[in-house]
Each structure stands twice: as structure tokens, then as C-alpha cells.
Amino acid sequence: MSVVERIQLLRNVGKFDSVNAGGQLPFSKLTLVFAENGRGKTTIAAILRSLSDGNAQHILERKRLTATSTPHVVVNVAGANPCIFQNGVWSATLPDVVIFDDAFVAQNVCSGIDIEAGHRQNLHELILGAQGVALNAAVQTHVNKVEEHTRELRTRESAIPAAARGSLTVDAFCALKVVPNIAEAITAAARSLSAAQASDKVHREQDFAAIALPAFDTTALNELLKRDLPGLEAKAAELVKKHFAAIGEGGERWVGDGMHRIPAASDHAACPFCAQDLGGSPLIKHYQAYFSESYTALIQSIERAIREARMAHDGDVPAAFERDVRVWEQRKQFWKDFTVVPDFSVDTAAVARAWKVAREAVYGDLQKKKSAPLEPHELSADTLKVIADYDTLRATVAATSSTLTALNEQIKIVKEKAATANVATLTGDLEKLKAAEARHSPAIAPLCADYLAEKAAKKATEGLRDKAREALETYRATVFPAYETAINDYLKKFGAGFRLGAVESVNNRGGSSCTYNVIIDNVAVPLTGDPGAPAFKNTLSAGDRNTLALAFFFASIDRDPQLAQKIVVIDDPMTSLDENRSRTTVHELHRLTGKVAQVVVLSHSRPFLCEMWKKSDRLPRTAIKVIRDRDGSDLVAWNVQQDSITDHDKRHAKVVAYIASNNAADEREVAESLRPILESFMRVGYPEDFPPDSLLGHFQNMCLQRVGQANQILSAADAAELKDLIDYANRFHHDNPTWQTEAINDQELHHFCQRTLAFTRR
């Protein structure tokens, strides 16, 4: 009888760089392998699976990332030459190895929470056994032909780009008809959909407002600049201006201001500057004529023109223009997704520069006129040029404004349609239009024709396959009910809250398959169901699914006529199992070990493996541990007995040893152990008064408060003793900021160790 003696060599596979010494560890009838997650436990299971079926891929896909050479594995087998995996090939295989691991679950039960056709087909083979498989071989000729058609059909289906089909099935896609003017129809449908999807925003968003830059009225400006005082005598005007020139810059304004300070009806008014009598002044009468009401009216007209120009062209007006243009840009970005918005560009910086130059030139000419109101002149050539430059930009803005406001009618239509549109309908319409465009494109149309032809050929072959399946029915009618009984027996042992019903064989296009129901509270739940309805994936927990997988595995093993020769490998069987099911798993594995040639159990759970070890104390057994070795892993012998000791046991032993030896090297660890020892004792001795997560200080206070009462917990002496012990132990507890540096007196520590142990032996 062939069993695995040892894994002599593990090189360049998974976490194993080169395991030699660890490869000398023997495998026994029961071999337990402990490894933390990620250390290589599943790699060992994959190696044994590859040894069983000869599939090198199980090992090659786990090639060590940093290795330069290919994986190399040597497995020693009793009574035979070593099985060597080198250069991607086994020198020999070991077909008697059967494995329960994630791959078994994924192949025969479910992937995650879903049961697919492949799972039911594999489970069908598992139930049939060797005799049924032989009968099924007669069916495979036609099944294989159907599979060839299926593969070819999938190939031809895959050749049709999924992106082109959208949400349509291949059949629906290939059935699409030609749509005239498809490009225009797609563009219009896309915009309608976008508007419908953003209906609220479309309703709230405003249309384009008109923007108009203010103009400079050059005709009116020139008329103002040319005005003078027609009633003023030329000789008087000449004398006055000559005097102004003698006064210097600003003379006219200075004199005009002074004239306002002389009473108009007085013949002998005093000079406002020197207080002399002005009655004999030869110029005073000319001044009075010059600075008449008409003069004042002219000055006011000039000042009014300046104010009006500033109101129209200065202050917040340029900034408001820039804001309006930004609003245009924002609305263009919004509306372009729903209608055709032409590109436009308004260089607000250029407008601002030209605008500023023009208004400053106009201000300059007006100020010049104000300084010499009676000197007729007109806008300078430079002023007219900068106004013309500004007008060019103003015309561009006006044209853009006209173009954009013309879109408002179309925007109104978009809003009306969006308010009543159905998003789902528009989405479907758009997808269908895009799919129709792709369906009849030169690249895809021939692919659809090939697919439809292959589909017809497959249908013809399926008729032949169905006839061949009839030979299996008699055999399956006997096997499947018996397997259902065996499965339910195991589910009962595991304490599962469900059982299987209607375990039957079915025929489908892909070949023979297995189906069943999950019975919960006498209600049959199907493997698959309608969305929102009870089904396998939403009624069974992760623990239930793993329990079902174990039941499938144990039932199939029990029915194997070559059971005594089997080497059973179990990788983490208790994943997601509760405490009761884990204990049952231990029991069933122990029972199975007595029936097969060898059992190898790999797990990351110490408690589970320790329980297996204790349960199997009368069997030949070996325990191996996978440990970290630098950046890889290695195999070492595992002292299960040592790992079975609890932290409480270790602390207690440490304190007892210190009392006996007074080892100064252990004194701080011993001091830190006293409080956990007291807490563990209280949890066992007073579970009702000291529940989980209770604080020892709170419990101590409660004991003191209840002394002498009907609900007393500890006597007065014991409560006082507990307080002394806690006060000392708290000095070395992390709640004390200086607990790591608290001074330790050996005699004092020795004394409190004795008192603590004495208290917990009460």
C-alpha cells in the first residue's frame, strides 16, 4: 500500500526556497501540518493535488517569484521510487491521493456564493462513481461534439466585440436591422438622453442673455468740443485770453472761480485777492461778458458729458462685462451636451485694454475742452482711432451675443422635452442605435453571419446527444437517492440546520449534471432563483456552504470501493465553521483515519489541530509546522503539546518557578503576570459577578460594598486581601504610566507571588 513517507525536497515553489532538512520529517498515518496564513500550507496541498492528477500547472503557477529556476519537488512514497517533479513533469504520480480544499469546493460545490453549471456537472461525476463514469463515457462522444460546437460558438461569439453589443445578448444583437442615417440618429439620441438625465439642472439652467458694450457717440462729442460763446465780442475774448495766458496754466479756471466771488450787480466790487476796488479795471467788464450764464452752461455740459461717459464706460461696468462673458462660457459648457452650441471666443482682456484706451482718450479731450471751454476743437485722430479699435471688438461681441441668444428657442425645446422624457427608454434607444450601427459595420456583419451558422449546426448535434443519454437513466435512478441519504446523514452529524432534497441527475445541453434543493424548515430552496427570492446564495452562510462541501466530500469518500488505499488530504476543513461543527469535523476525520491508508490535515488553526492530536493519541501520528525562514518558509517538527498550553497556564507556571528559584531575569515578567492570574481566577470563580470585559478594580469595589450583605461575594478578610493583591499588581499593569520602570523588590515580589497563588487556590 503506497503512502507518502515524506516531502523530501521543496525548491522554488510558493514560499519554499529550498527545503532540505525539513524534508526529512516523516509523514505518519495521521499527519498534521500547522501554518499561519500565507506561509505555504495551501502550496503543499497543491503539490499533493498535482501528484494525484499529474497536472503540472498546480505547481508551475506557484513558482517562487524570486526564483531563477523551475520548481523541483521530491516526494518519497512507501514501497516505490520517489516521485520527482522536475522540468514541469512528474516522474510518477499517486492517483490514490484525494484532496479536500478550496479547489474541491470550487469545482464541485460553488464559487463563492454562486452555483454554476460546471459545479453541478462535476458533482454529477462525483456521485456516479467509477461504474457510472464508465456508462457516461458512451454519452461523451456526442457530448464532446456538442462541446466542440459550444467552444466554436463561444469563439465566434467572442469574436463579436462585447463593447459593440452593449447590454444585448449575442442573439439579440445579431437580429438587429439596418437603421437609415444612423450617425445623425445616435447624436440626437445621445443629447436627448443627457438632457433627460439632468432634467432638474436643465430646468434650472438659464439661457443665453444678450451682452452689448456701450458706444462712444463721436458726433455728440465733437459737437460739444466745437461749442463756444457766439455773443462774445472778438476783441473782448482776445483781451481776456491774452490775460489768461499771462497768468499761466489754469489761469482761465482761476479767474472764472474768482468771478463767482464778485457780486454781479456791483460797479465797485473789491478784488477777492487784493481787496482793491475793481471799478476802474479795464478787464472786469470783459470778464463779466466772458464768464456769462452761457459760459456756465457750456461748462456744465462738458462736466455732464464726462459724468455720463464715466457712468457708461467706467466703474463696475467693465467688470460686469467680464462676468457676463464668464456666464456665457459656463452656459456654453452646460448646454453643449444637450444641443448644438457653436464655439466662440471673447478676448475680455483685449476688450478691456481697448476700452480703457478709448475712454481715457475721450476723457482727455473732454478735460482739454473743460480747461479752455471757449476754444473749439474736436476729437483727435488718435482718439478716433482707438474708438474705432474698440468699436471693432464691440461689434464682435454684438455678433456673438446675437448668435447665442438665437439658441434660446432651441434651449426652450430641450427643456420641454427633458421635463417629460423617460430616461430608461432613451437609454435603451441609444444603446440599440449604437448596437445597430456596430452590427452592420463591415467589420462585424460577417462575424454575426458566422455565429448564426454555427448556432444552427450545434442545434442539430444536440438532438443526437439527447438520444445517447437515455442509457444512463436506470443507473442514476438508483445511485442518486442513496447519495442523498448519505449527504443528509453527514449534515445531521454536523448539526446543520438544513438538508438536501431532490438530489437528481439532469440532462442539459452541456452534458449530464446534478441538481438538488436545500430544505430549510421543510421549505425547498432552489440552487438559483429570481432576484430577491430565496436561493442557495442568500440562505446558506459561509459556514453552511463549507459544511455542505465537507458532507459531499465525506459521502463520496465513503462510497469509494478503493477506500482503504486512499491518501486523504484535508486543507483547512473548518474554515467558517462554528465550534460544534469543528468538533464534528475532528470526530469524522478521526473516524476516516481508521478507514484509509493515510490522512494529512493542513490548517492555520492551532486549536483545531491540537484537538485532532488529542483525539488521535492511539494512532501513528506526526505534527509538522511551517515556519518563516528569512523571506521564505521551512518545515520543522511541531510540539503540539507545548502549543496546547494556554497563556494562563504559562503565567501560572512562571510564577511557581519564580517562587522556587527567585530568577531575577524573570522578575518583571512574573510581576506583570499577577494581575492576569487574578482576572482569570475571577472569571472562573465568580462568572456572574465578573463577566467578560469586567474591570478588576470595579469588581474589588463591589466585593467591599457587599461585605456583610445577603449578596456578599467575598468575606471581609478575602476582600481586603484581594485589594492588597490588586494594589500591588497594578504597579506593573499598563494603566500605570511607569509600569515598565517600576522598581521591583525581590522579597516583596516573592511574598505577593505566594499570596496570589494562595488566594487563587481558595
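User: What does partly exposed mean, as used for Arg-394?

Analyst: Partly exposed is the range between buried, under 20% relative accessible area, and exposed, over 50%. This is a predicted model. Arg-394 has a relative accessible area of 25%, so Arg-394 is partly exposed.

User: Which residue forms a salt bridge with Arg-394, and how far apart are the closest N and O atoms?

Analyst: A salt bridge needs a side-chain nitrogen of Lys or Arg within 4 Å of a carboxyl oxygen of Asp or Glu. The partner here is Asp-391, with the closest N and O atoms 3.3 Å apart. Asp-391 is partly exposed, at 25% relative accessibility.

User: Why are Asp-391 and Arg-394 separated by about one helical turn?

Analyst: Because they sit three residues apart in helix H16 (residues 381-405).

User: Where do Arg-755 and Asp-724 lie?

Analyst: Their side chains meet in a salt bridge, 3.5 Å from N to O. Arg-755 is in helix H30 (residues 746-760) and Asp-724 in helix H29 (residues 716-730), so the pair ties together parts 31 residues apart in sequence.

User: Is Arg-755 buried or exposed?

Analyst: Arg-755 is buried, at a relative accessible area of 19%. Asp-724 is partly exposed, at 38%.

User: Which side chain does Asp-314 meet in a salt bridge?

Analyst: That of Arg-359, at 3.9 Å from N to O. Asp-314 is in the loop between helix H13 (293-313) and helix H14 (317-335), while Arg-359 is in helix H15 (residues 348-371), 45 residues apart. Arg-359 is buried, with a relative accessible area of 11%. Asp-314 is partly exposed, at 24%.

User: How many salt bridges does the count come to?

Analyst: The count comes to 31. Lys-41, Asp-571 and Asp-572 are linked in a network of salt bridges.

Conventions
Residues are numbered from 1 along each chain as its sequence is written. This is a predicted model: local features need pLDDT of at least 70, side-chain atom pairs count only at pLDDT 80 or more; totals for chains, interfaces and linings use all residues. Side-chain values use heavy atoms; hydrogens and water are left out. Helices (H or I, at least four residues) and strands (E, at least two) are DSSP runs, numbered from the N terminus. Buried means under 20% relative accessible area, exposed over 50%, partly exposed in between (1.4 Å probe, protein chains only).
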